[in-house]
Amino acid sequence: KMNKLLTTMFALAVACVTVSAQAQKITGNAEAGAKKTAMCVGCHGIIGYQASFPEIHKVPMIAGQSATYIVSALTQYKGGERKHPTMRAIADSLSEQDIADLAAYYSQLGLKEGDAPPATAKAPSDTVHALISRDKDNACTKCHGANFNTPNDGTVPKLAGQYADYLYVALKSYKVQNAHLGRANGVMGGQAKKYSNTEIKELAAYISSLPGELKTVPESRFHHAD
């Protein structure tokens with residue numbers, strides 16, 4: 001009886017610790033995040049800045065992206081699901097609180113005045129329409145929204161208006177998986193493999209042409225000398 005009582009007490013203690021840990025969910029602070037951008041602005045704070053790995057492409061716009069997605073992406077770089085040496089090194093240097101703070105900062109940095117993008121995207125060409133609707137579940141718009149700017153889940157990115165060459169490289173990366181390249185995502189991997197690289201380029205060009213909330217905010221716009 002004593003052993004059974006001790007076992008029950010231990011199980012309850014573990015349960016309490018688990019609940020307590022879950023209750024202490026990390027909350028991002030945008031003001032704190034603004035002070036942690038030193039490793040970000042050199043690429044993401046320069047309009048049109050180009051990266052050269054795995055091929056030359058513009059660095060993605062992240063201002064205006066959802067905080068949940070930014071946390072998810074950085075966590076995947078940190079964990080190795082996304083294989084990009086520069087981003088992996090940067091993510092490895094960040095704590096969970098750092099990641100949450102940066103995500104909070106960049107998500108609100110992209111907010112802008114004026115009308116929101118339309119609820120539905122402009123009609124694509126017949127060719128692109130056929131590509132989007134190739135999957136019977138219309139997975140592209142089901143996940144990223146009819147305007148590619150209203151994802152169905154916080155971990156899904158806004159895509160409308162993102163640089164076409166970055167979208168092209170990112171989509172291709174889901175088709176590759178080795179020690180140095182690729183992104184491990186079962187859903188995106190399955191979708192990307194349905195398209196040739198030429199078709200991916202057409203999709204990327206269309207999505208990039210849509211109005212969205214993403215932008216690049218130069219460092220000089222939000223850091224001022226006293």
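## Burial and overall organisation

A residue is termed buried when its relative accessible area is under 20%. The model described here is predicted. By that criterion, 38% of the 226 residues of the protein are buried.

The secondary structure consists of 12 helices and two strands. Read from the N terminus, the order of elements is α-α-α-β-β-α-α-α-α-α-α-α-α-α. Considering contacts between residues at least 6 apart in sequence, 72% link residues at least 24 apart.

## Helix α6

Helix α6 covers residues 96–109. Of its 14 residues, 11 are buried, so α6 is largely enclosed by the rest of the structure. The buried positions are Asp98, Ile99, Ala100, Asp101, Leu102, Ala103, Ala104, Tyr105, Tyr106, Ser107 and Leu109.

The geometry of α6 can be checked against its length. At 1.5 Å a residue, a helix of 14 residues should span 20 Å, and the end C-alpha atoms of α6 are 20 Å apart, which agrees.

## Helix α11

Helix α11 comprises the 12 residues 197–208.

Within α11, the buried residues are Glu199, Ile200, Leu203, Ala204, Tyr206 and Ile207. These residues cover an arc of only 165° around the axis and therefore lie on the same side of α11. Their packing partners are α7 (126–132), α9 (164–173) and α10 (186–192).

The structure contains one cavity of 30 Å³ or more. The volume of the largest cavity is about 40 Å³. The lining of this cavity is formed by 11 residues, of which His44, Ala63, Tyr106, Leu109 and Val217 are the closest to its centre.

Two helices, α3 (41–44) and α6 (96–109), each contribute at least two residues to the lining of the largest cavity. Sorted by class, the lining has seven nonpolar, three polar and one charged residues. Tyr106 and Leu109, listed among the lining residues closest to the cavity centre, also belong to the buried set of α6.

Methods:
Residues are numbered from 1 along each chain as its sequence is written. This is a predicted model: local features need pLDDT of at least 70, side-chain atom pairs count only at pLDDT 80 or more; totals for chains, interfaces and linings use all residues. Side-chain values use heavy atoms; hydrogens and water are left out. Helices (H or I, at least four residues) and strands (E, at least two) are DSSP runs, numbered from the N terminus. The expected span of a helix is 1.5 Å times one less than its number of residues. Buried means under 20% relative accessible area, exposed over 50%, partly exposed in between (1.4 Å probe, protein chains only). The arc is that of the directions from the helix axis to the C-beta atoms. Contact means heavy atoms within 4.5 Å. On a 1 Å grid over the protein atoms alone, a cavity is a set of points where a 1.4 Å probe fits but cannot get out, and a pocket is an open set with protein on both sides within 12 Å along at least five of seven lines; lining residues have an atom within 4 Å of a point. Grid points are joined across faces, edges and corners, and a volume is the space filled by probe spheres set on the points. Ala, Val, Leu, Ile, Met, Phe, Trp, Tyr, Cys and Pro count as nonpolar, Asp, Glu, Lys and Arg as charged, and the others, Gly among them, as polar.
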